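Work through the exercises below with the sequence and the 3D view open. Try each task before you read its solution.

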Amino acid sequence: MTTPDTDTPLLIAKGLTKYYGRQLGCRDASFELYEGEVMAVVGESGSGKSTLLQLLSTQIEPSSGSVTYRMRDGSLADLWRMSEPARRFLLRTDWGYVHQDPQLGLRMGVSAGGNVGERLMAVGARNYQDIRATATDWLGRVEIPHDRIDDTPRSYSGGMRQRLQIARNLVTAPRLIFMDEPTGGLDVSVQARLLDLLRRIVAEMRIAAIVVTHDLAVARLLSNRIMVMKGGEVIEAGLTDQVLDDPHQPYTQLLVSSILPA
Amino acid sequence: MTAPAYNFAYLDEQTKRMIRRAILKAIAIPGYQVPFASREMPMPYGWGTGGVQVTASILGPDDTLKVIDQGSDDTTNAVSIRKFFTKTANVRTTTATIEATVIQTRHRVPETPLSEEQVLVYQVPIPEPLRFLEPRETETRRMHALSEYGLMHVKLYEDIARHGHIATAYAYPVQVDDRYVMDPSPIPKFDNPKLDDCPALQLFGAGREKRIYAIPPYTRVVSLDFEDHPFEAYRHDAACELCGASDSFLDEVITDDDGNRMFVCSDTDYCEQRRALGHGPYNAAPADPQGSSHTGASPTEPA
């Protein structure tokens with residue numbers, strides 16, 4: 001573990017803009033993310049949340065703007081100036097990406113142990129016992145029983161799949177993790193358990209996270225900061241509690257007031 | 001027979017040039033799958049259309065051709081391909097490994113060590129070693145380009161997790177020249193060590209998949225494995241019941257309905273050469289090598 005550097009941001013987005021042809025995906029998003037910080041991106045469907053997440057995680061190239069990342073050695077790197085192998089290496093070591101649909105993030109035909117071990121083998125782990133021990137440890141941390149290690153995710157419930165996906169991403173001890181609606185499609189009690197787990201792990205490992213969600217409850221529970229998006233633009237940003245308790249923009253006010261009382 | 005209606009070795013010269021260019025590129029980049037414009041051949045896919053095209057392109061009038069199928073010279077596949085080239089190219093054919101200059105093979109490497117004078121042509125059904133783990137061709141090509149081969153070990157990991165050892169017994173993935181991971185075609189993993197530092201040129205042709213790849217002579221070929229589960233060449237724990245060889249790859253042959261079986265060399269030429277030199281089965285009735293196979297069929301105890 002490197003000593004956390006709290007003075008310089010981990011990730012800097014500057015003027016991120018993406019047009020799909022003439023269609024606006026996301027305009028002029030700028031922010032800084034520090035180590036161990038969790039930021040939520042909220043907004044309705046089509047507001048550009050997912051576009052922003054894909055831009056940040058280098059899955060799509062921005063029309064303009066830049067993303068700068070502080071590498072483990074402390075140097076700042078412009079992600080789109082990096083070579084593709086270096087970018088892909090970053091994506092599977094220092095980063096994680098949790099999909100809403102675990103089928104996209106997991107290899108459904110490969111056992112849970114293989115799923116967790118893949119990243120280790122990708123960075124050169126060649127000792128079966130070590131890989132298996134690490135995988136077992138991680139399954140334990142995400143509350144999956146050890147005797148399920150050789151089962152494929154096909155035999156897992158939705159909540160277990162999502163937890164397995166998280167384990168698979170965290171096994172290389174990333175510093176930044178992207179989550180796209182991590183609790184979408186799960187029932188309320190499973191959601192609560194998953195959120196609990198996420199909050200604990202993120203805090204323990206001091207991982208920075210960017211969580212895209214349309215669920216303000218998720219945002220409030222997980223995040224330190226929040227960005228509200230509408231029509232491809234960030235309309236409001238700030239500390240989560242501040243924004244949710246005292247929303248300035250009419251749209252945010254609408255969003256907050258549209259939560260059903262518990 | 002009247003004048004042939006086709007060119008020497010069936011393919012026209014332009015097609016052969018195209019294939020030779022692919023072969024040259026494949027040799028220049030060991031283990032890399034070179035796409036080529038595979039032709040329809042007068043045989044079904046899966047019968048060695050890729051290997052036949054490669055053989056047709058490198059064959060000259062003074063070559064001597066040997067064709068084996070699972071090590072055997074006398075199976076349908078081997079006989080038809082040999083006849084095909086006898087008819088279309090009028091080349092000499094042989095069953096003796098040492099006499100051949102070009103050996104087309106399906107699923108085996110001959111037991112007799114190859115020489116610099118020889119070319120070994122493999123028939124390949126599926127050239128992409130990552131196919132069953134990553135079905136997207138765009139993605140596997142990128143993985144090859146960037147040397148991202150972690151996934152290949154996931155397959156081996158799965159083997160150990162399920163069976164306690166690396167259960168992949170054929171088409172065992174290898175890394176060629178410390179760069180490309182390659183499917184050696186469905187040869188038994190027993191043959192994998194023969195690929196390493198082999199004096200002969202090895203060419204691989206996949207007709208349906210339209211890919212050619214190669215291992216140049218004396219190239220390092222390493223079978224993938226784990227530190228604590230190293231690669232092991234597997235063979236039945238027995239000796240050939242015809243020639244007594246204890247170092248060759250064995251076929252298990254069921255001899256009757258009562259579960260009796262015998263082990264014989266899969267490489268028929270190797271077995272015949274040994275018998276010609278006077279080798280016989282261990283503990284067999286003397287001077288009756290044929291009859292001993294049945295009566296003496298108290299099968300060797302399986303491991």
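**Exercise 1: A glycine in a loop**

At 61% relative accessibility, Gly278(B) counts as exposed, because exposed means over 50% relative accessible area, buried under 20%, and partly exposed in between (1.4 Å probe, protein chains only). This is a predicted model, where local features need pLDDT of at least 70, side-chain atom pairs count only at pLDDT 80 or more, and totals for chains, interfaces and linings use all residues. Residues are numbered from 1 along each chain as its sequence is written, chains are lettered from A and ligands numbered from 1 in the order in which they are written, and side-chain values use heavy atoms, with hydrogens and water left out.

Task: find the loop that holds Gly278(B), then find how far its C-alpha atom is from that of Gly164(B).

Solution.
- Step 1. Gly278(B) is in the loop between α7 (268–276) and α8 (292–295) of chain B. Helices (H or I, at least four residues) and strands (E, at least two) are DSSP runs, numbered from the N terminus.
- Step 2. Gly164(B) is 114 residues from Gly278(B) along the chain. Their C-alpha atoms are separated by 41 Å.

**Exercise 2: A threonine and its neighbours**

Task: is Thr168(B) buried or exposed, and which residues does Thr168(B) touch?

Solution.
- Step 1. Locate Thr168(B) in the loop between α5 (150–163) and β6 (174–176) of chain B.
- Step 2. Its relative accessibility is 8%, so Thr168(B) counts as buried.
- Step 3. Leave out residues up to four places away in sequence; Thr168(B) then touches Lys155(B), Leu156(B), Asp159(B) and Lys189(B). Contact means heavy atoms within 4.5 Å.
- Step 4. The side chains of Thr168(B) and Asp159(B) are joined by a polar contact of 2.5 Å. A polar contact is a pair of N or O atoms within 3.5 Å; within protein, one must be able to donate a hydrogen and the other to accept it, and residues adjacent in sequence count only if both atoms are side-chain atoms.

**Exercise 3: A strand with two covered faces**

Task: which residues of β3(A) lie on each side, and which residue of β8(A) stands opposite Val41(A)?

Solution.
- Step 1. Recall that side chains in a regular strand alternate between the two faces of the sheet.
- Step 2. Val38(A), Ala40(A) and Val42(A) lie on one side of β3(A), with Met39(A) and Val41(A) on the other.
- Step 3. Five of the five residues of β3 (residues 38–42) of chain A are buried, so this strand is largely enclosed by the rest of the structure.
- Step 4. β3(A) pairs with β8 (residues 208–213) of chain A in the parallel sense, over five bridges. Two strands pair if DSSP finds at least two bridges between them.
- Step 5. Val41(A) stands opposite Val212(A) in β8(A).
- Step 6. β3(A) also runs parallel to β9 (residues 225–230) of chain A, joined by four bridges. There, Val41(A) stands opposite Met227(A).

**Exercise 4: From strand to strand**

Task: how many bridges join β7(A) to β6(A), and how many join β7(A) to β8(A)?

Solution.
- Step 1. β6(A) and β7(A) run parallel, with four bridges. Trp95(A) stands opposite Leu176(A) in β7(A).
- Step 2. β7(A) and β8(A) run parallel, with five bridges. Asp180(A) has Val212(A) as its bridge partner in β8(A).
- Step 3. Five of the five residues of β7 (residues 176–180) of chain A are buried, so the strand is largely enclosed by the rest of the structure.
- Step 4. Leu176(A), Phe178(A) and Asp180(A) point one way from β7(A), while Ile177(A) and Met179(A) point the other way.

**Exercise 5: Aromatic pairs**

Task: how many aromatic pairs are there over all chains?

Solution.
- Step 1. Apply the rule: rings of Phe, Tyr and Trp (its six-membered ring) pair if their centres lie within 6.5 Å; planes under 30 degrees apart count as stacked, over 60 as edge-to-face and the rest as tilted.
- Step 2. The count comes to 12 aromatic pairs over all chains.
- Step 3. One of them joins Tyr69(A) and Trp95(A): edge-to-face, 5.3 Å centre to centre, 85° between the planes.
- Step 4. Tyr69(A) lies in β4 (residues 64–70) of chain A and Trp95(A) in β6 (residues 95–98) of chain A, so the pair ties together parts that are 26 residues apart in sequence.
- Step 5. Both Tyr69(A) and Trp95(A) are buried.
- Step 6. Ring pairs link Tyr69(A), Trp95(A), Tyr97(A) and Phe178(A) into a cluster.
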